[in-house]
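Visitor: I am new to reading protein models. Could you take me through this one and explain the words you use?
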Amino acid sequence: MMNLNQLTTFVTVISEGSMTAAASKLFLTQPAVSQQIRNLEEDLGVELLARGVRQIKATPQGEILAEYAKKILQQAHLAENAVKSMGAELKGNLRIGTLNSLGLQLMSPIISRLMRHSPDLLVKVDYQKGEELLRGFKKGQFDVLIVPEVETQFGTAMEAGIDGKFVMKEEMWLVGSGKDSQIPQQINITEINQLPVVHFVDEYPHFLRCLEAKLKENNTVIRPVFESSNVGTLKRVIEAGLGWGFLPAHSIKKQVRTGRFSRTHVIGFEYLMDLEFYSKKNSENKMLIESFYQALVQQERG
């Protein structure tokens, strides 16, 4: 049965183009690398490498294995880091800045897991608007910033020395009360006023610009009956049947799954954004920050 060592060796041979180069990179002998590849081929019953050429290349079967092997090794690395993070007794202070609509859903499970095993860990989470978070981060008020990719969403670039890592994709969904049987499964953007509209403002300015552009393109104007930058308030208004509106998918997936909310697909309008994890590369809390990031990513992928 193939193992992680064999997969690591195989992927390295493919990327380096030769047994000798792979052996040097892995601190193994060339015969040891060759033997691992032969064992892997025998286990699978196929040839994985096309030999007899100047640069080793994968066979069609080898290409398929290489694609899966990279994913397996990446997941194994994440699992290892997550386990180490949970096993280590983390100490110190971690200051996190994020949006209200993200923090309520993302932070609570992770923080409870970390603090359960780390009594000397102090975590502070601060919810502010995007522009305020960016100003505070530049002033050193936060160790970590979890927000949509800032250049797209807020029209600014992070300064040098900031490390930005991808967390997950987020969508904006149009949702109404699950108790309202008249809510359609899909609409055109021109039909959005068939129900009262509640408007989510301030937290995602790029989304609002895209929505306004789509409405203008279709000669449609919405007249909201309620506006708020607090996702919890909007969820209560929608669940009460007072209107429908766009909310971040991560904050409402549970309500949609349990039938409390009903999701409506808007034909020709979808909005996706990258959520990013920002921290200073030379931070004194580097190990704590990395542990938090790995735990966060593992939660989202799990």
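Guide: Gladly. This is a predicted model. Let us begin with its contacts. Of the contacts in the protein with a separation of 6 or more, 76% join residues 24 or more positions apart.

Visitor: What makes a pair of residues count as a contact?

Guide: Their heavy atoms must lie within 4.5 Å.

Visitor: How many helices and strands does the protein have?

Guide: There are 11 helices and 12 strands.

Visitor: Why is the protein called more spread out than a compact globule?

Guide: Compare two values. The globule rule gives 19 Å for 302 residues. The radius of gyration here is 25 Å, well over that, so the protein is more spread out than a compact globule. The C-alpha trace spans about 75 × 45 × 35 Å along the principal axes.

Visitor: What share of the residues is buried?

Guide: Buried residues make up 44% of the 302. The word means a relative accessible area under 20%.

Visitor: How far apart are the mean positions of the positive and negative charges?

Guide: They are 2 Å apart, for 35 positive and 34 negative charges.

Visitor: What comes between α2 and α3?

Guide: A loop, and Phe27 lies in it. Leu28 has its place in that loop between α2 and α3 too.

Visitor: Why is Phe27 called exposed?

Guide: The cut-off for exposed is over 50%. Phe27 has 77% relative accessibility, so Phe27 counts as exposed.

Visitor: And what makes Leu28 partly exposed?

Guide: Partly exposed is the range between buried, under 20%, and exposed, over 50%. Leu28 has 36% relative accessibility, so Leu28 counts as partly exposed. Leaving aside neighbours within four places in sequence, Leu28 is in contact with Thr9, Ala23, Val33 and Gln36. Leu28 and Thr9 are 19 residues apart in sequence, and their C-alpha atoms are 9.7 Å apart in space.

Visitor: What makes the buried residues of α6 line one face of the helix?

Guide: Start with the names. In α6, residues 130–138, they are Gly130, Leu133, Leu134, Gly136 and Phe137. Seen down the axis, they fall within an arc of 165°, so they line one face. Among the elements that cover them are β3 (92–98), β4 and β12 (272–280). After α6 comes Gly140, with a positive phi near 85°.

Visitor: Where does Val125 lie?

Guide: Val125 lies in strand β4.

Visitor: Why is Val125 called partly exposed?

Guide: Its relative accessible area is 26%, so Val125 is partly exposed. Not counting residues up to four places away in sequence, Val125 touches Ile96, Thr98, Met107 and Ile111. Asn218 is 93 residues from Val125 in sequence, and the two are 40 Å apart in space, C-alpha to C-alpha.

Visitor: One last residue. Where is Asp120?

Guide: Asp120 lies in the loop between α5 (100–117) and β4 (121–127).

Visitor: Is Asp120 exposed or partly exposed, and how do you know?

Guide: Its relative accessibility is 45%, so Asp120 counts as partly exposed. To be exposed takes over 50%. Asp120 and Gly92 are 28 residues apart along the chain, and their C-alpha atoms are separated by 6.6 Å.

Definitions and conventions
Residues are numbered from 1 along each chain as its sequence is written. This is a predicted model: local features need pLDDT of at least 70, side-chain atom pairs count only at pLDDT 80 or more; totals for chains, interfaces and linings use all residues. Side-chain values use heavy atoms; hydrogens and water are left out. Helices (H or I, at least four residues) and strands (E, at least two) are DSSP runs, numbered from the N terminus. The radius of gyration is taken over C-alpha atoms; the globule rule is 2.2 Å times the number of residues to the power 0.38. Buried means under 20% relative accessible area, exposed over 50%, partly exposed in between (1.4 Å probe, protein chains only). Lys and Arg count as positive and Asp and Glu as negative; His and the chain ends are not counted. The place of a charge is taken as NZ of Lys, CZ of Arg, CG of Asp or CD of Glu. The arc is that of the directions from the helix axis to the C-beta atoms.
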